[in-house]
Amino acid sequence: MVFSIYGQDNEFATATGSNVGVSPGQSSFDYPPNGTQNLIITTKAGDPDPRLFEIGDTYEITWAGTGGGGTITDAVVTRSDAVGTDGVIVFEGLDENGDLAEVIWTPGFDLENWYWSNFSGGNPPQFFTTDQNAAYTHEFVCFEKSARIHTPRGLIPAGRIKPGDWVCTWSGRKQQVRWVGQRSVAADGPAAPVRFDVGTIGNFKPLKLSPQHRVLIASTEAELLFGAREVLVPAIALVDGAGVKQMRRREVTYVHILLDRHDILICEGAPCESLLPGWRTRDLLTPEDREAVRAALNDESRKPCRLILTRSEARVLLPNRVTPHREPALL
């Protein structure tokens, strides 16, 4: 399905003309960066996971600005990593005049404020056009190993779930686990788990999830803005400094649970997604695990069970979000 994503004006900038490639792997911002507005990123037909920006993926990019704006019909993703806990995407391609142009987009991060804060002595900052840490991804979508999953046999910690086990889902159906993986990572940075106090997302015990693990919320605004009352949003988008916090630790073990179909699991009473295979599995899994996931996949495994929102899109909905209604689980 082809659709458009609309960027915030303070979260993107461009590099055109002599500003492209001013030094190896770096470009300069067109001045001033707040001279560009109305970023529109349009997906391409055939992209199985267009909301996840993998190196080499292509999009159509348009923007307006004091210089007349521009269009890149086939903009290739050349960078897709993170600034803190937020994403940074760089697109590159030929504009409508046949000249090389770049767009840097930082959903959830105030790029304009960063630019002016780092403009000193008449020297404007630059940006990297390729990933700065190819081994890093902020797209961990998994359960902390102690989080308990609802199963027909009762509540079982995610770290003890095995392939072949049956788990309960939000709709009341059961699904069988196809594959389970674990990975321990340093948790003193962006990969630190998000902790939900009791009741913040319908959970009856404190719950820890990876920052990009998506949970199910519902709101009338979601239906008005995105055409679906129930949507999946990343855990990091719900951080409020009160009942939902990112807790930095020395190390955390995350567990990935793959089902025959992407679905909503029940974790400590809260609706949390199963693993949705996509570009993120390239980095968060070992080569052996990636092969095991590919062997377990089918066409249904790759289809999102709900509409997926980005962190910035989710922020619009938070004041009026509610926990969706759940049908009784089947045992």
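Visitor: Which residues have the most contacts inside the largest nonpolar core?

Guide: This is a predicted model, in which local features need pLDDT of at least 70, side-chain atom pairs count only at pLDDT 80 or more, and totals for chains, interfaces and linings use all residues. Residues are numbered from 1 along each chain as its sequence is written, and side-chain values use heavy atoms, with hydrogens and water left out. A nonpolar core is a set of buried Ala, Val, Leu, Ile, Met, Phe, Trp, Tyr and Cys residues joined through side-chain atoms within 4.5 Å, where buried means under 20% relative accessible area, exposed over 50%, and partly exposed in between (1.4 Å probe, protein chains only). The largest such core has 35 residues, and those with the most contacts inside it are Phe143, Phe196, Leu207 and Ile257.

Visitor: Which element gives the largest share of this core?

Guide: Helices (H or I, at least four residues) and strands (E, at least two) are DSSP runs, numbered from the N terminus. Among the elements that give two or more residues to this core are strand S14 (174–186), strand S17 (214–218) and strand S20 (251–259). The largest share, three residues, comes from S20.

Visitor: Why is strand S8 (residues 100–105) described as largely enclosed by the rest of the structure?

Guide: Two strands pair if DSSP finds at least two bridges between them. S8 runs antiparallel to strand S2 (residues 12–16), with five bridges joining them, and Thr14 has Val103 as its bridge partner in S8. The strand is largely enclosed because the number of its six residues that are buried is five.

Visitor: In S4, what is the bridge partner of Ile5?

Guide: Strand S4 (residues 36–42) pairs with strand S1 (residues 4–6) in the antiparallel sense over three bridges. S4 is also joined by five bridges to strand S5 (residues 58–65), again antiparallel. In S4, the partner of Ile5 is Ile41.

Visitor: How many disulfides does a search of the whole structure find?

Guide: A disulfide is a pair of cysteine sulfur atoms within 2.5 Å. Cys267 is buried, at 0% relative accessible area, and the closest cysteine sulfur to its own, in Cys272, is 5.0 Å away, too far for a bond. The search of the whole structure gives a count of zero.

Visitor: Is Leu224 buried or exposed?

Guide: Leu224 lies in helix H2 (residues 220–226). Its relative accessibility is 73%. Leu224 therefore counts as exposed.
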